[in-house]
Amino acid sequence: MASLDFMRALKFAAQKHSKQRRKDPDSTPYVNHLINVGTILAEAGIKDEGVLIAAVLHDVVEDTDATFQEVETLFGVDVSNLVHELTDDKTLEKAERKRLQIEKAAKSTKRAKLIKLADKLDNLRDLQMNTPQGWTEERREEYFEWAKRVVDNLRGTNAMIEESLDQIFRDRNLL
Ligand SMILES: Nc1nc2c(ncn2[C@@H]2O[C@H](COP(=O)(O)OP(=O)(O)O)[C@@H](OP(=O)(O)OP(=O)(O)O)[C@H]2O)c(=O)[nH]1
Ligand SMILES: [Mn+2]
């Protein structure tokens, strides 16, 4: 059952990310990624509304002018804390951010791990279909390898999503 709170979160995310596009050759609207992540979780049987709401908001602080305070005021402290767990510190250097994602994955709460797994699954599905604009083949390959290291620290969270990820890793000879 679609909830009013969930629809408000999706509307907020769509507005905040409205100027952003994905890196695929068609420059798909960024909000498609958020819908995909929520759909992966719903298809895996996740009914926890806080998780589904945080899924569509997971990049809103990292990638737009939205603040944790705004998210807390609109959607409550539980959702805001989940989004916080999923937000990279963009003031850090990229290599450090990538290293921290691997490290933080292991320490995340189970609910944040679920969203992170769905996030990585959608990004890897995109990557299987296309090489992002401006990326070399080598960079694409490195993303698969790095994503595998993040996912390895998220295991034991949801068998269905992990199996979909493992199929991709097997296809790439990473498993
Ligand atoms: N695979 C893929 N990624 C895309 C695409 N469009 C945008 N992205 C975003 O780009 C990020 C990967 O690009 P990088 O160069 O490694 O990282 P950066 O954008 O943060 O600097 C992913 O972030 P992430 O940190 O892995 O996850 P998150 O930011 O989504 O949470 C993903 O969200 C696309 O078409 N395919
Ligand atoms: Mn994402």
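**Aromatics and overall fold**

Tutor: Start in helix 9, residues 137–152: Tyr-143 and Trp-146 both sit there, 3 residues apart, which is about one turn of the helix. Keep in mind that this is a predicted model.

Student: How far apart are the ring centres of Tyr-143 and Trp-146, and at what angle are the planes?

Tutor: The centres are 5.1 Å apart and the planes are at 65 degrees, so the pair is edge-to-face. Planes over 60 degrees apart get that label.

Student: Is Tyr-143 buried or exposed? And Trp-146, buried or exposed?

Tutor: Tyr-143 has 12% relative accessibility, so it counts as buried. Trp-146 is at 10% and counts as buried too.

Student: Which residues form the aromatic cluster?

Tutor: Trp-135, Tyr-143 and Trp-146 make up one cluster. The structure holds 3 aromatic pairs. One of them is Trp-135 with Tyr-143: ring centres 5.9 Å apart, planes at 45 degrees, so that pair is tilted. Trp-135 is buried, as is Tyr-143.

Student: Switching topic. How many helices and strands are there?

Tutor: The protein chain has 10 helices and 0 strands. Its radius of gyration is 15 Å, close to the 16 Å from the globule rule for 175 residues, so the chain is as compact as a globular protein of that length.

Student: What share of the residues is buried?

Tutor: Buried residues are 46% of the 175.

Student: And charges: how many positive and negative side chains?

Tutor: There are 28 positive and 32 negative ones, and the centres of the two sets lie 0 Å apart.

Technical notes:
Residues are numbered from 1 along each chain as its sequence is written. Chains are lettered from A and ligands numbered from 1 in the order in which they are written. This is a predicted model: local features need pLDDT of at least 70, side-chain atom pairs count only at pLDDT 80 or more; totals for chains, interfaces and linings use all residues. Side-chain values use heavy atoms; hydrogens and water are left out. Helices (H or I, at least four residues) and strands (E, at least two) are DSSP runs, numbered from the N terminus. The radius of gyration is taken over C-alpha atoms; the globule rule is 2.2 Å times the number of residues to the power 0.38. Buried means under 20% relative accessible area, exposed over 50%, partly exposed in between (1.4 Å probe, protein chains only). Lys and Arg count as positive and Asp and Glu as negative; His and the chain ends are not counted. The place of a charge is taken as NZ of Lys, CZ of Arg, CG of Asp or CD of Glu. Rings of Phe, Tyr and Trp (its six-membered ring) pair if their centres lie within 6.5 Å; planes under 30 degrees apart count as stacked, over 60 as edge-to-face and the rest as tilted.
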